[in-house]
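Open your viewer, get the sequence panel ready, and follow along one selection at a time.

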Amino acid sequence: MAQVEPDTVRRKRELPTRPTAEPQQQQQPRVTQPQPEVIQPQVVRQGEEAPQALIDRMFWGGSFGLQFGTFTNISLLPVVGYRATETFWLGIGGVYHYRRFRGESMHNYGGRVFAQQQIFDNFLIHGEYEQLSVELPLMNYNTGVYEFSRRFIGLPMAGLGYRQRIGERGAADILLLYNFNDSYASPYSNPVIRAGFSFPFRR
């Protein structure tokens with residue numbers, strides 16, 4: 001005789017089995033790599049100058065003068081300047097004169113401002129203004145000896161010059177200037193001839 005399975009056993013065999021769920025994988029945080037900064041090259045059009053730092057446009061230098069004999073004159077004129085363009089320079093400076101006349105020493109000192117514009121080739125025009133404290137010998141006719149007094153004078157000067165380049169940004173200049181205050185108190189006699197040098201702060 002065939003055995004009859006109980007209904008409860010038959011139902012358990014007929015029920016579909018549920019697949020076992022796989023453990024969920026833990027989502028890893030996405031790590032983004034920093035993008036390298038891209039520096040765009042600066043485009044310089046023809047006829048334009050590449051931008052420069054302030055110190056790369058500045059220069060230092062000056063001129064000096066020597067005269068010996070009955071009248072001794074030693075001049076020192078240091079300057080600090082700025083190249084606004086390759087052809088237009090301007091700056092400020094100091095002025096010191098040591099003068100000796102008939103055994104007496106005199107000292108002049110002050111400051112000046114100047115501007116230079118190169119016009120063609122190596123030729124330039126130069127203009128400046130000096131403000132000086134000048135020591136003057138004055139004859140005292142009662143005693144017959146010189147007495148010294150000090151006064152302030154302004155000296156506007158202008159003229160032409162020739163510039164010889166030294167390296168990329170250095171230069172040597174020779175100037176021929178006219179002093180528009182050619183008075184007794186002026187330490188200069190016309191024409192005023194100067195030779196000077198200028199060097200960049202950073203090569």
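Is Arg150 buried, partly exposed or exposed? Select Arg150 and show the surface: Arg150 is partly exposed, because its relative accessible area is 36%. In this tour, buried means under 20% relative accessible area, exposed means over 50%, and partly exposed is in between (1.4 Å probe, protein chains only).

A word on what's on your screen: this is a predicted model, where local features need pLDDT of at least 70, side-chain atom pairs count only at pLDDT 80 or more, and totals for chains, interfaces and linings use all residues. Residues are numbered from 1 along each chain as its sequence is written, and side-chain values use heavy atoms, with hydrogens and water left out.

**The whole chain**

Zoom out and switch to cartoon. The protein chain has two helices and eight strands, and along the sequence they run α-α-β-β-β-β-β-β-β-β. Helices (H or I, at least four residues) and strands (E, at least two) are DSSP runs, numbered from the N terminus. Of the 203 residues in the protein chain, 29% are buried.

Accessible areas come from the Shrake-Rupley method with a 1.4 Å probe, and for residues only the protein chains shown count as cover.

**Salt bridges**

Back to Arg150, this time together with Glu135. Their side chains meet in a salt bridge, at 3.3 Å from N to O. Arg150 lies in strand β6 and Glu135 in strand β5, so this pair ties together parts that are 15 residues apart in sequence. Glu135 counts as buried, because its relative accessibility is 17%.

A salt bridge here is a side-chain nitrogen of Lys or Arg within 4 Å of a carboxyl oxygen of Asp or Glu. Side chains of opposite charge can pair when their charged atoms come close. A search of the whole structure finds seven salt bridges.

Next, select Arg202 and Asp56, whose side chains meet in a salt bridge at 2.9 Å, N to O. Arg202 is in the segment after β8 (192–200) and Asp56 is in helix α2 (residues 54–57), so the pair ties together parts that are 146 residues apart in sequence. Arg202 counts as partly exposed at 40% relative accessibility, while Asp56 counts as buried at 16%.

Then pick Arg112, Glu128, Glu130 and Arg194 in one go: they are linked in a network of salt bridges.

**Arg163 and its partners**

Which residue meets Arg163 in a salt bridge? Select Asp173: the two side chains come together at 3.0 Å, N to O. Arg163 lies in strand β6 and Asp173 in strand β7, so the pair ties together parts that are 10 residues apart in sequence. Arg163 is buried, with a relative accessible area of 1%, and Asp173 is buried too, with 12%.

The charged end of Arg163 sits over the ring of Trp89, 3.9 Å from its centre. To count as sitting over a ring, NZ of Lys or CZ of Arg must be within 6 Å of the ring centre and within 35 degrees of the ring normal.

**A nonpolar patch**

Now back to the surface. Select Ile119, Phe120, Phe123, Ile125, Leu160, Tyr162, Ile174, Leu176 and Ile193, and colour them: they form a nonpolar patch with about 870 Å² of accessible area together. Patches are made of residues with over 30% relative accessible area and no salt bridge; like charges are joined within 9 Å, and nonpolar side chains (Val, Leu, Ile, Met, Phe, Trp, Tyr) within 5 Å.

Where do they come from? β4 (104–120), β5 (123–140), β6 (145–166) and β7 (170–179) each supply at least two residues of the patch. Click on Tyr162, which is in strand β6; Tyr162 counts as partly exposed, because its relative accessibility is 34%.

**Aromatic pairs**

How many aromatic pairs does the structure hold? There are six aromatic pairs. Rings of Phe, Tyr and Trp (its six-membered ring) pair if their centres lie within 6.5 Å; planes under 30 degrees apart count as stacked, over 60 as edge-to-face and the rest as tilted.

For an edge-to-face pair, go to Tyr178 and Phe180: 5.0 Å centre to centre, 80 degrees between the planes. Phe180 is exposed, with a relative accessible area of 55%.

Last stop: select Trp60, Phe197 and Phe199, which ring pairs link into a cluster.
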